[in-house]
Amino acid sequence: IYSTEAFRKMMQILEAFQPDVVHLNNINFQLTPSIIFAVKKYRKASKRKVKIVATAHDYQWVCPNHMLMIPANKQLCFACEGGKYGNCTKNNCIHNSKVKSLLGTIEAKFYQWNGIYKAIDTVICPSDFLNQKLSTNDAFKNRTVTMHNFLVSEDLKEEHSLKLPEKYVVYFGRYAEEKGIAELLKICKRLPHIQFVFAGNGPLENEVNKAGNVINLGFQTGSALKELITKAQFFVFPSGWYENCPFAVMESQLYG
């Protein structure tokens, strides 16, 4: 919930670098919002108007499990909207665990109570939907802006030859429940005459490896990923949660 080490090291960085802007990405859980407290303290001590900008990558600031989904039944959920974070504990929303969910509720309530997120000047949202959801948190009202993810079209010169079947359907991304991998594997099983190629990694990797008509290439990037996409018959994206302008969809569109 709070890291004294992150606070201390952030103060050292601020004093050494003297930034005009601090840009936050995925700070919860590891760095923690303790680094925002550090920026506030630095602002006061230095009398410098240091701006804080955050890019939101999920729904953490309005949903303690960050996915707007109840793990037990895979139902999409807005119960915590408006700061009603007790629903996280009620529905065992973090890893389907009462203890972890209670800790998630306490964390959300703690930061709601001390108002630290109000120190953020602007929150960049990669989608209008995320913008709408974060705006339900009083701390972010009139502080959000939509800036969609984007890709630059470029001709990747590097040659990379993957051992690919003549015809296949591709999935690339995380092997996780919210990505719809379990459902996709059921479809693969029902279509044994179709070859699927997966590229990625994640908690459901063992299940992916057990599928008879699935080739698991592991995580791919650069020219190898481009080759994988362009040679596929089509890309399937079975995600079960509210995605946030995913690069996988854009890359598939970019490479035709």
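The lining of the second largest cavity divides into four nonpolar residues, one polar residue and two charged residues. In this classification Ala, Val, Leu, Ile, Met, Phe, Trp, Tyr, Cys and Pro count as nonpolar, Asp, Glu, Lys and Arg as charged, and the others, Gly among them, as polar. The residues concerned are V62, L68, F78, C80, E81, K133 and T136, and the space in this cavity is about 40 Å³. The model is predicted: local features need pLDDT of at least 70 and side-chain atom pairs count only at pLDDT 80 or more, whereas totals for chains, interfaces and linings use all residues. Residues are numbered from 1 along each chain as its sequence is written, and side-chain values use heavy atoms, with hydrogens and water left out.

**Cavities and a pocket**

A search of the whole structure finds two cavities of 30 Å³ or more. On a 1 Å grid over the protein atoms alone, a cavity is a set of points where a 1.4 Å probe fits but cannot get out, while a pocket is an open set with protein on both sides within 12 Å along at least five of seven lines; lining residues have an atom within 4 Å of a point. Grid points are joined across faces, edges and corners, and a volume is the space filled by probe spheres set on the points.

The largest cavity holds about 80 Å³ of space. It is lined by 15 residues, and C63, P64, C77, C80 and C93 are the closest to its centre. Both β3 (69-70) and α3 (86-90) supply at least two residues each to this lining. By class, the lining of the largest cavity has 12 nonpolar residues, three polar residues and no charged residues.

The second largest pocket has a volume of about 430 Å³. Its lining consists of 18 residues, with N65, H66, M67, I94 and H95 nearest its centre. By class, these are 10 nonpolar, four polar and four charged residues.

**Two helices**

Helices (H or I, at least four residues) and strands (E, at least two) are DSSP runs, numbered from the N terminus. The expected span of a helix is 1.5 Å times one less than its number of residues. The table sets out two of the helices.

| Helix | Number of residues | First to last C-alpha | Expected span |
|---|---|---|---|
| α1 (residues 4-17) | 14 residues | 20 Å | 20 Å |
| α4 (residues 98-114) | 17 residues | 24 Å | 24 Å |

In α1 the buried residues are A6, F7, M10, M11 and L14. They lie on the same side of α1 because they cover an arc of only 135 degrees around the axis, the arc being that of the directions from the helix axis to the C-beta atoms. An α-helix has 3.6 residues a turn, so residues three or four places apart point the same way. The face of α1 turned away from the buried side carries the exposed residues I13 and A16. The cover over the buried residues of α1 includes β1 (21-25) and α2 (34-46). Just after α1, Q18 takes a positive phi of about 50 degrees.

In α4 the buried residues are S101, G104, T105, E107, A108 and Y111. Their arc around the axis is only 160 degrees, which puts them on the same side of α4. These buried residues pack against α2 and α3. On the other side of α4, V99 and W113 are exposed. L103, also found in α4, is partly exposed, with a relative accessible area of 48%. The C-alpha atoms of L103 and V22 are 28 Å apart in space, and the two residues are 81 residues apart in sequence.

**A loop residue**

K84 has its place in the loop between β4 (75-76) and α3. This residue is exposed, with a relative accessible area of 54%. Between the C-alpha atoms of K84 and I52, which are 32 residues apart along the chain, the separation is 26 Å.

**The chain as a whole**

The protein chain comprises nine helices and 10 strands in its secondary structure. Its C-alpha trace spans about 65 × 45 × 30 Å along the principal axes. Of the 256 residues in the protein chain, 44% are buried. Contact means heavy atoms within 4.5 Å. Among contacts in the protein chain between residues at least 6 apart in sequence, 65% join residues at least 24 apart.

How values were computed. Buried < 20%, exposed > 50% of the residue type's maximum accessible area, 1.4 Å probe, protein only.
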